[in-house]
Amino acid sequence: MNATNLYFDDVLTTHVLIRDWLSGDVTAPEHCTDLLARFSPAFTMVAPVGKQLDGAGLAAFFRAAGGSRPGLQMHISDLVLIQESAAGATVSYREFQAMPGAENTERLSTVVYDKTPSGALLWRHLHETWVA
């Protein structure tokens with residue numbers, strides 16, 4: 001893994017927001033709004049099972065799933081900067097999830113970032129694959 005960079009920091013902080021929201025550690029509606037603001041309106045995703053999701057689907061998922069995974073733990077590792085340009089970057093990483101009483105999961109993920117003219121980083125596309 002490279003030394004810290006804006007994209008790695010964003011992957012890590014976004015996953016903290018996701019964990020806090022899904023676990024119910026934070027329940028204020030503003031938290032979900034802040035989380036969703038990290039994603040492009042043109043966001044697309046391929047979930048580990050192959051299901052495709054757009055920005056509206058992601059928003060509906062997060063709004064409905066707040067607090068649905070009590071005790072959720074997430075760990076991100078193996079961050080790799082695949083490419084970077086003035087318009088954004090592509091980053092891959094490994095994500096581990098654990099919940100009390102449930103089987104641990106692991107996935108390989110690749111996120112494509114858009115960088116706005118103001119310098120904000122937006123998740124444009126996410127592709128996740130289960131690790132066997």
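Modeller: Lys and Arg count as positive and Asp and Glu as negative, while His and the chain ends are not counted. The model is a predicted one. On that basis the protein has 9 positive and 14 negative side chains.

Colleague: How far apart do the centres of the two sets lie?

Modeller: The centres of the positive and negative sets lie 4 Å apart.

Colleague: Why is the protein called as compact as a globular protein of its length?

Modeller: The elements run α-α-β-β-α-β-β-β-β from the N terminus, that is, three helices and six strands. The radius of gyration is 14 Å and the globule rule gives 14 Å for 132 residues, so the protein is as compact as a globular protein of that length. The C-alpha trace spans about 45 × 35 × 30 Å along its principal axes.

Colleague: What share of the residues counts as buried?

Modeller: The criterion is under 20% relative accessible area, and 39% of the 132 residues count as buried.

Colleague: What makes a set of residues a nonpolar core, and which members touch the most others?

Modeller: The members must be buried residues of the nonpolar kinds, joined through side-chain atoms within 4.5 Å. The largest such core has 30 residues, of which Val 11, Phe 62, Val 91, Tyr 93, Val 111, Tyr 113 and Trp 123 touch the most other members. Helix H1 (6–23) gives the largest share, seven residues.

Colleague: Which residues does Val 111 touch, leaving aside those up to four places away in sequence?

Modeller: With contact taken as heavy atoms within 4.5 Å, Val 111 touches Val 11, Ala 89, Thr 90, Val 91, Tyr 93, Trp 123, His 125 and Leu 126.

Methods:
Residues are numbered from 1 along each chain as its sequence is written. This is a predicted model: local features need pLDDT of at least 70, side-chain atom pairs count only at pLDDT 80 or more; totals for chains, interfaces and linings use all residues. Side-chain values use heavy atoms; hydrogens and water are left out. Helices (H or I, at least four residues) and strands (E, at least two) are DSSP runs, numbered from the N terminus. The radius of gyration is taken over C-alpha atoms; the globule rule is 2.2 Å times the number of residues to the power 0.38. Buried means under 20% relative accessible area, exposed over 50%, partly exposed in between (1.4 Å probe, protein chains only). The place of a charge is taken as NZ of Lys, CZ of Arg, CG of Asp or CD of Glu.
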